Amino acid sequence: MQPISKPSLMQRLYIPLMLAPVVIILATLFLGSILVALLQSFGYAPLYGINEFPTLKHYQSLFALPGFWRSVAYTFYYAVVPTVIGTALSIYLALLLRKRFKGIKAFNYIYKLPLMIPYLVGVALTIVLFTNGGIIARFLFAIGLIESTRDFPRILYSHSGLGIMIVYLWKQIPFSTLIIYSVLMGLGKESEEAALTLGASRWQTFWHVTLPQIMPGIVSATIIVFAFNFGSFEVPFILGGGFPNTLPVEAWRAFDDADYSRRLRAMAIVMFISFISSAVLITYLALYRRFERQRGRV
Amino acid sequence: MTELEINNLVKRFGEVEAVKGVNLKVKAGSLVALLGPSGCGKTTTLRMIAGLEQPSKGDILFNGSSVLAIPPEKRNIGMVFQRYVLFPHMSVEKNVSFGLRMQGMDKAEINRRVAEVMKIVQLEGFEKRFPSQLSGGQQQRVAIARTVVTNPQLMLMDEPLSNLDAKLREEMRSFITDLQKRLGITTLFVTHDQIEAIELADQIGVMFKGELVQFGTPEDIFNRPINPKVADFMGATNLISGHLKSKTRLETEVGSLDLAQQPSQVEGSKVIATIRPEHIDLNTETKGPNQFKALIKEAVYYGGIVSYKVQSGLLSLNVKDRSTRRFKVGEEVMLELAKEHLWVFPEN
């Protein structure tokens, strides 16, 4: 038997060298920025002539700020509600797309259009449609349903967040539908047909057979959509109800303040967003894994 | 027990007519096979009976009553799919009890019925396992258990054994026939495997290009095929052209052949005779009638059987020889065609 020769230095370095470009970019952009934010949130910012490290005062002042906890609540509210509503509508749409009907090809193309259009265009469309002087208000006035366009209910620029959620849904329903539809296509119709021939009603078939099997797609879609909504800036910034706004908007306001020392509070908000968002997603994934384990998948 | 009747069943998918006016009657408690090559419309027929496809024309009757307006979940049928289609997120027990749970049956009754059927399919002790933890044969037995536990009036099986290996397939064949006889459920199954159909079914319907071309007992189909296509599909792969000299004599390019069965064609008409490879005997000397010389072109040993390709003039024939004799490629032999297995059809 020939002895196994030791790999050469180049052989040993081959994989690390191949990974190096990606690792360097990730380390610099992601870990580097997180590290800078973390240090600044604890008072280390020599760039602005501040070095109070280690201190919790920026977190303490943040939590004591009037409106901060309302800001946390709005951030959750604007993130969770459209995620839940959007997912439910996406499941329905994905199931609909499997059916044969006239115009399915055109529909299949049109529903994906928002994916290719920037969020800001969606914001502009929402403003054109839903403000007091917008198309819908004018139409309702024209048909006599409201006496003046001013009577049109306030949908945008309010803490109800309806405008924000409309934009999120407009963009995210096609995205979630695409993911869930792909899973459904991979699944095929046979297990649903088997359930039907065993006497299950359409609803029972969906609830007991289809839904558990498309859960991986639903979980992937909701994680991405929730994480985006939770950290989104431009939509609540433009369409939100003013102070207090979502955490990312408040972070930007603090960062953009003429007083540079506020940037440390901005970093504390950024770290808070990252922590809460990660905690929610990790808990969600842990619950999902438990669900899958109970079903013998993991 | 339920009798199934299919009247002039047609299914069109756009321009394509997948099923062309099929008529079929399955007696209560019997096991019938729909046999045919891929794409012949047998699965589509089965799916229409299940209610998973709506016929374009025709009627389906259970015990004389049309079921066309009844959705699949209310037809009280059981369907076993080619790929088992067990619910991967449910344990064996949950899979088997699925139909009963959906009916809202009492839990104690569900447990009793599941235990009973698990015993029948010999899967006791596998209740907590998931489908991914079972072999192909076990998965198929779970699929069957899940179907029979609901006491369906009709059981439909779509190529139930095609995903199993040869040994398991054999085991499952006898398992299915035993189970069907024991429970007495009227069963229709689809297959492209002639051996499977012959071994399992009380009656066989042979389908080609959307049409049911022959329906009869396995013996009828095997020994008295209605046309060369059925004969070929049933394994009679040798086709010999010729014309009828008399009602019992066929003139072919290799010589005259005696016929045991009297064909319906008139004397002098052009015909095709078929014979199965195992009904041709190979000799080294002349023994009697229906013999002619041929050359061994190919010889392949298949464990107990030698498959020969022989040539006589322009005629090429397949021969399966179970004897211990061996002929070499290039050797001259005498072929003897058993007259009682020669079947004659009109040339067109």
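Helices (H or I, at least four residues) and strands (E, at least two) in these legends are DSSP runs, numbered from the N terminus. This is a predicted model, in which local features need pLDDT of at least 70, side-chain atom pairs count only at pLDDT 80 or more, and totals for chains, interfaces and linings use all residues. Residues are numbered from 1 along each chain as its sequence is written, with chains lettered from A and ligands numbered from 1 in the order in which they are written.

**View 1. Tyr84(B) and its positive phi.** Tyr84(B) sits in the loop between E6 and H2 of chain B. Its phi is positive, about 65°, although Tyr84(B) is not a glycine. Is Tyr84(B) buried or exposed? Tyr84(B) counts as buried, with 22 C-beta neighbours inside 10 Å (buried means 20 or more other C-beta atoms within 10 Å, exposed 12 or fewer, partly exposed in between, with C-beta atoms placed from the backbone).

View 2. Asn8(B) has a phi of about 45° and belongs to strand E1 (residues 4–13) of chain B. Asn8(B) is exposed, with 12 other C-beta atoms within 10 Å.

**View 3. Two cis peptide bonds in chain A.** The bond from Phe53(A) to Pro54(A) is cis, with omega near -5°, and Pro54(A) lies in the loop between strand E2 (50–51) and helix H2 (57–64) of chain A. From Phe243(A) to Pro244(A) the bond is also cis, with omega near -10°; Pro244(A) is found in the loop between helix H11 (234–239) and helix H12 (247–255) of chain A. For context, most peptide bonds are trans.
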